[in-house]
Amino acid sequence: MAEALVSKYVQTQLRALNAALINGQFVSVRKLLLELPPSDVAHILESSPSRTRDELWELIDSDFHGDILEELSDDVRNGIITKMLPANVVDALEEMDTDDLAETLSSLPEPVLADILDSMDAQDRVRAEQALSYGEETAGFIMNTDTITLRPDVTIDVVLRYIRLKGELPENTDTFYVVNRTDNLVGIVPVTRLLTADTDDKVSDVMDEESEAIPVHMPDDEVASLFERYNWLSAPVVDEKHRLVGRITIDDVVDIIREDAEHSMMSMAGLDDDEDTFAPVMQSTKRRSVWLAVNLVTALMAAMVSDLFEATLSQMAVLAILNTIVPSMGGVAGNQTLTLVIRGMALGHVNASNSRWLISKEMSIGFLNGAIWAVLIASVIALWKQDYMLGIIIAFAMMVNMIAAALAGATLPMIMKRLKIDPALAGSVILTTITDVVGIFAFLGTATLFLI
């Protein structure tokens, strides 16, 4: 309900902005944009065609460019940044948090990134290069460096006076981190405990020494799983020597979960999860053509298998009519298994210790489903075509393909993960090829042996 209200509100603002642009009321547009929060302005930009987007960006106060850029998807943000002067981009990035800076810079084309880094002063360049050094999809890439650290030998009174002197805390601060003189993490102190502790106590008296820390190179999906499992609001990040290098907060994790969900949804169609809905025609055509070409190759492979049995098909036209049933059933069954295994892998439920059991389970399900639907389809075909042998043949092909689909659906994600290929992106295409080829070969091959 809340999402619907927000969406309706943004749509109303978008219509008002478009009307004002058409009428040349640029002062009104600038005023409207100034009144909106950065997230809403970003939503409006993503909802606008390229030409309108450029006009709106020119009317946005440059002081808010950085806040808006960090809210945009990669494609839209890159399109805007590539049209900006490097010096203006540097100004926009100056106040960004480390994680947002890393995400913004990492998605840029190499020449654009080089120009921006060259335009930065030495201090900002070091910060940017450090943000990019950990690699994408790692804890280091999504962490913030705005941590407040405490020494274990100081009193609570000193800490409270320091906080009052500082005047403000970093956003989403629920915990302070205790480090020694070499910056090694030795414990944590929740804010609530700090506020209720005796002011004469030392930090070492109230800290938790058995605190969990996230390795800086841990994959971000594992980080999200830990936050979900332990209901964390924030967590410290440490390097190989257990030195504190930053922290990850729940808002970073929400972004990971959302991005993973978008990635899975878009990957099923062979699309980039950050693809701009209003990207230029040629750009979108080029991107989509890649997977259309892959699909064409797989379809040709299935057609080539059918071509091996051209003589059989020419003698019995009924085989051509029934030839789509077996591959179709195998494709559906295989995709059910594939989706289940990919989900299990994403949640961390599937690993080397239980993968064999899972494969055996899915093979058993494939066998039982194959038996059930083989009997049903055999009965239907035998009564429909008055040909019991044809019913037995299609039943056999159904059994073979359902078992093959279960085996492929269970093993493909694991194999592809080992090969560092995204199973969500390519798994469905490969599975469909397997079920089409096996289904057609089993059906037409058996028919050739027993009917021709």
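## Exercises on a predicted protein chain

The protein chain holds 23 helices and six strands, where helices (H or I, at least four residues) and strands (E, at least two) are DSSP runs numbered from the N terminus. The model is predicted: local features need pLDDT of at least 70, side-chain atom pairs count only at pLDDT 80 or more, and totals for chains, interfaces and linings use all residues. Residues are numbered from 1 along each chain as its sequence is written, and side-chain values use heavy atoms, with hydrogens and water left out.

**Exercise 1.** Compare the radius of gyration of the protein chain with that of a compact globule of 452 residues.

*Solution.* Step 1: the globule rule is 2.2 Å times the number of residues to the power 0.38, and the radius is taken over C-alpha atoms. Step 2: a compact globule of 452 residues would be near 22 Å. Step 3: the protein chain has 29 Å. Step 4: along the principal axes, its C-alpha atoms fill a box of roughly 90 × 65 × 45 Å.

**Exercise 2.** Determine whether Ile372 is buried or exposed.

*Solution.* Step 1: locate Ile372 in helix H21, which spans residues 355-385. Step 2: recall that buried means under 20% relative accessible area, exposed over 50%, and partly exposed in between (1.4 Å probe, protein chains only). Step 3: Ile372 is exposed because its relative accessible area is 51%.

**Exercise 3.** Classify Glu137 in the same way, as buried or exposed.

*Solution.* Step 1: Glu137 lies in the loop between helix H10 (122-133) and helix H11 (139-142). Step 2: its relative accessibility is 57%, so Glu137 counts as exposed.
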